Amino acid sequence: MLVLGIESTAHTFSCAILEKSGKKGKILSDVRKIYRPPEGEGIHPREASRHHAENSPDVLSECLKKAAIKVTDLDIISYAAGPGLGPCLRIGAVVARSLGSYYKIPIYPVNHAIGHIEIGRMLTRAKDPLVLLVSGGHTMILAFLFGKWRVFGETLDITLGQLLDQFGRCAGFASPCGGKIEDLASRSNNYITLPYVVKGNDVSFSGLLSAAKNIMSKNLEDVCFSLQETGFAMIGEATERALSFTRKKELLLVGGVAANKRLSEILESVCKRQNCKFFVCPKEYAGDCGSQISWVGLLESAHISPTPLGNTFVRQSWRLDSVEIPYISS
Ligand code: AMP
Ligand code: MG
C-alpha cells in the first residue's frame, strides 16, 4: 500500500511517499522546502504560504521521482489538516484535494501533532511510551489511554520551540534558532539564575523568555546555556513526575526540539532514575516532514473510511487530545 503525505502547517512544505506492508512502514522518499524569514523575524503566514504554493510542484515531482512511482500508483493521500497557520494549511489541502479529485484517490486529513508521535513510534519501535512532544507548535507530555492521547502536562503559554526561537530572533539569529542556541550553549558552563516556573505539572516559559532577553547584553554563550538549562530542567521535572505517576516504562522524545543533545542528556538521567527506556526520534524526522503525515494516513486507512472531498477542510486549532485513535488498542 502506497501513500503520499503532505505537510504544510508552518515553515515546511514537504511531500513524502511511504509504503506499508503488514504492520511495517518504509519511507521511500521525503522531500522538503523550508521557508526562511529574514534574520531577526518570525514566520509571516502570507509569505510562508506563498513559499509553499511556489515550491509545491517541484517538491511533489521530486518526491515521486525519488520513490520511483507515478501518482496513479498511490492508494491514498493524506495531508496535515491542522493545527497550524491557516494560509499554509490551505496550500497542502489544495494539493491533496486537486490530486485526489483528478486521480480519484481517497483522502485522509491528519492531525500534525499525532504525526510527530507516530513517526517517532514507527522509527524507534517504542511500544507504549510516555511521549514528550516539543516543537515550534507544541510542548506536551502525553500517554495513550482509552482511545486517545491524554495530556499529563503542557505549556501554559509559549512552547519550548517558541522560547528558543523568540530569544534567538531577539539576538538577531535566523529562525528557527534552536540549533544556533544549542551550539552557543555548548561553549559555556556558567549558569546565570533565571526564572524556573513549574505549576502543578505544567510549565510556563514566558517569564523565562523576558528574563533571558533582559540579560542579552551579558556573554551570549552564558545566556544561551542558562536558557537551555532552565527550560530543559523545567520540562524534565514535569516529565519525571508524569513517568512516576503513569508508571510507563518507556519515554519517547519527539518534535523539532528533540534534535537537541542536551535535552536528551537530561531526559536520559530522568529515565535512569525512573528505571525506564529512553527513545528519541531520529533528527532527520524529528521536525516537520511529510513522512509523519503519510504514516498516520496509512495507519488510519486500515481502520476508518476516507474523508469525502467536500469535507477535506483545515483546522487551525485542533488539539491532539480530541482525536480518536482507532489503530492503537489501550
Ligand atoms: P517543528 O515545529 O517540529 O518543525 O520544530 C521546529 C522547532 O525545533 C523550532 O522551534 C526549532 O528552533 C527547534 N529546533 C530545531 N533544532 C533544534 C536544536 N538543535 N535544539 C533545540 N531546538 C531545535
Ligand atoms: Mg511540528
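How many salt bridges does the count come to? I am working with a predicted model, and the count comes to 13 salt bridges.

**Salt bridges within helices.** I looked up Glu237 and found that it forms a salt bridge with Arg241, with the closest N and O atoms 2.3 Å apart. Both sit in helix 7 (residues 220-246); they are 4 residues apart, so about one helical turn separates them. Glu237 is partly exposed at 26% relative accessible area, and Arg241 counts as partly exposed at 37%.

Next I checked Arg262 and Glu265, whose side chains meet in a salt bridge at 2.7 Å, N to O. This pair is 3 residues apart in helix 8 (residues 261-273), so again about one helical turn lies between the two. Arg262 is partly exposed at 28%, and so is Glu265 at 46%.

**Other charges.** I also noted that Arg46 forms a salt bridge with Glu47, the closest N and O atoms being 3.2 Å apart. Glu154, Arg319 and Asp321 are linked in a network of salt bridges.

Then I turned to a positive surface patch, formed by Lys24, Arg125, Lys127 and Lys277. Arg125 lies in the loop between helix 3 (112-124) and strand 6 (130-134), and it counts as exposed because its relative accessibility is 59%, where the cut-off is over 50%.

**Metal site.** Which residues coordinate the magnesium ion (ligand 2)? I found His112 (NE2), His116 (NE2) and Asp288 (OD), at 2.1 to 2.3 Å. His116 in helix 3 and Asp288 in the loop between helix 9 (283-286) and helix 10 (290-301) link distant parts of the chain, 172 residues apart. Both His116 and Asp288 are buried.

Notes
Residues are numbered from 1 along each chain as its sequence is written. Chains are lettered from A and ligands numbered from 1 in the order in which they are written. This is a predicted model: local features need pLDDT of at least 70, side-chain atom pairs count only at pLDDT 80 or more; totals for chains, interfaces and linings use all residues. Side-chain values use heavy atoms; hydrogens and water are left out. Patches are made of residues with over 30% relative accessible area and no salt bridge: like charges are joined within 9 Å, nonpolar side chains (Val, Leu, Ile, Met, Phe, Trp, Tyr) within 5 Å. Accessible areas come from the Shrake-Rupley method with a 1.4 Å probe; for residues, only the protein chains shown count as cover. A salt bridge is a side-chain nitrogen of Lys or Arg within 4 Å of a carboxyl oxygen of Asp or Glu. Lys and Arg count as positive and Asp and Glu as negative; His and the chain ends are not counted. The place of a charge is taken as NZ of Lys, CZ of Arg, CG of Asp or CD of Glu. Buried means under 20% relative accessible area, exposed over 50%, partly exposed in between (1.4 Å probe, protein chains only). Donors are N, O and S atoms within 2.8 Å of the metal (3.2 Å for Na, K and Ca); water is not among the atoms, so sites may look incomplete.
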